[in-house]
Amino acid sequence: MAYETIDGKKYEKELLELARKHTTGKGEGKLSKDEVADLFKSAQDGQGVTDTEKATLGYIRNNFEFTDAAAKDFDKAFGQL
């Protein structure tokens, strides 16, 4: 697993890159419901969601824009981790 350090904290690089990919290029620059589902699918690729993956998802929630529906889905899924 590769990591990226932001402000002295370690995050999972793959999740950050996925969020960046979904918010650049074509579109409105916000994460959609399908893209939120992709993030959680990626985080749950192993035997569970690691503390680093949880921290990364938290970072994404606080630093990326979401559609209203995607924000609700994200918060619900994050609360179930």
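**Reading contacts, faces and charges**

Analyst: Setting aside residues within four places in sequence, Thr23 is in contact with Gly29, Lys30, Leu31 and Phe64. Keep in mind throughout that this is a predicted model.

User: Where is Thr23 placed, and is Thr23 buried or exposed?

Analyst: Thr23 belongs to helix H1. The relative accessible area of Thr23 is 18%, and the cut-off for buried is under 20%, so Thr23 counts as buried. A polar atom of the Thr23 side chain lies 3.0 Å from the backbone oxygen of Ala19. As for Thr5, which is 18 residues from Thr23 along the chain, the two C-alpha atoms are separated by 20 Å.

User: Leu31 was among those contacts of Thr23. Which residues does Leu31 touch?

Analyst: Not counting residues up to four places away in sequence, Leu31 touches Ala19, His22, Thr23, Val36, Leu39, Ile60, Phe64, Glu65, Phe66, Thr67 and Ala70. Leu31 is also one of the residues with the most contacts inside the largest nonpolar core.

User: How many residues does the largest nonpolar core have, and which have the most contacts inside it?

Analyst: The core has 20 residues, and those with the most contacts inside it are Leu31, Val36, Leu39, Leu57, Ile60, Phe64 and Phe66. At least two residues of this core come from each of helix H1 (13-23), helix H2 (33-43), helix H3 (51-63) and helix H4 (68-79).

User: How should I read the faces of a helix?

Analyst: An α-helix has 3.6 residues a turn, so residues three or four places apart point the same way. Take H4 as the case here: Ala70, Ala71 and Phe74 are buried. Viewed down the axis of H4, the buried residues fall within an arc of 100°, so they line one face of the helix. Asp68, Lys72, Lys76 and Gly79 are exposed on the other side of H4.

User: What do the buried residues of H4 pack against, and what is the reach of H4 from its first C-alpha to its last?

Analyst: The buried residues of H4 pack against H2 and H3. H4 has 12 residues and reaches 17 Å between those C-alpha atoms, close to the 16 Å expected at 1.5 Å a residue.

User: Which residues of H2 are buried?

Analyst: In H2, the buried residues are Glu35, Val36, Leu39, Phe40, Ser42 and Ala43. They lie within an arc of 160° as seen down the axis of H2, so they line one face of that helix. Asp34 and Lys41 are exposed on the face of H2 turned away from its buried side. The cover over the buried residues of H2 includes H1, H3 and H4.

User: Which residues of H3 are buried, and what covers them?

Analyst: Thr52, Glu53, Thr56, Leu57, Gly58, Tyr59 and Ile60 are the buried residues of H3. Their cover includes E1, strand E2 (9-12), H1, H2 and H4. The length of H3 can be checked as well: 13 residues at 1.5 Å a residue should span 18 Å, and the end C-alpha atoms are 18 Å apart, which agrees.

User: How should I read the charged pairs, and how many salt bridges does a search of the whole structure find?

Analyst: Side chains of opposite charge can pair when their charged atoms come close. The search of the whole structure finds 4 salt bridges. One of them joins Glu4 and Arg20, with the closest N and O atoms 2.7 Å apart. Glu4 lies in strand E1 (residues 3-6) and Arg20 in helix H1, so the pair ties together parts that are 16 residues apart in sequence. Arg20 counts as partly exposed, at 31% relative accessibility.

User: Which residue does Asp73 meet in a salt bridge?

Analyst: Asp73 meets Lys33, at 3.2 Å from N to O. This pair links distant parts of the chain, with Asp73 in helix H4 and Lys33 in helix H2, 40 residues apart. Asp73 is partly exposed, with a relative accessible area of 29%, and Lys33 counts as partly exposed at 42% relative accessibility.

User: What separates Glu17 and Lys13 in helix H1?

Analyst: About one helical turn separates them, as Glu17 and Lys13 are 4 residues apart in helix H1. They form a salt bridge with the closest N and O atoms 3.9 Å apart. Glu17 is partly exposed at 41% relative accessibility, and Lys13 is partly exposed with a relative accessible area of 34%.

Conventions
Residues numbered from 1 in each chain as written. Predicted model: local features only at pLDDT ≥ 70, side-chain atom pairs only at ≥ 80, totals over all residues. Heavy atoms only, no water. Core = buried A, V, L, I, M, F, W, Y, C linked by side-chain atoms within 4.5 Å. Buried < 20%, exposed > 50% of the residue type's maximum accessible area, 1.4 Å probe, protein only. Contact = heavy atoms within 4.5 Å. Expected span 1.5 Å × (residues − 1). Arc of directions from axis to C-beta. Polar contact = N/O pair within 3.5 Å; in protein donor to acceptor, adjacent residues only side chain to side chain. Salt bridge = Lys/Arg side-chain N within 4 Å of Asp/Glu carboxyl O.
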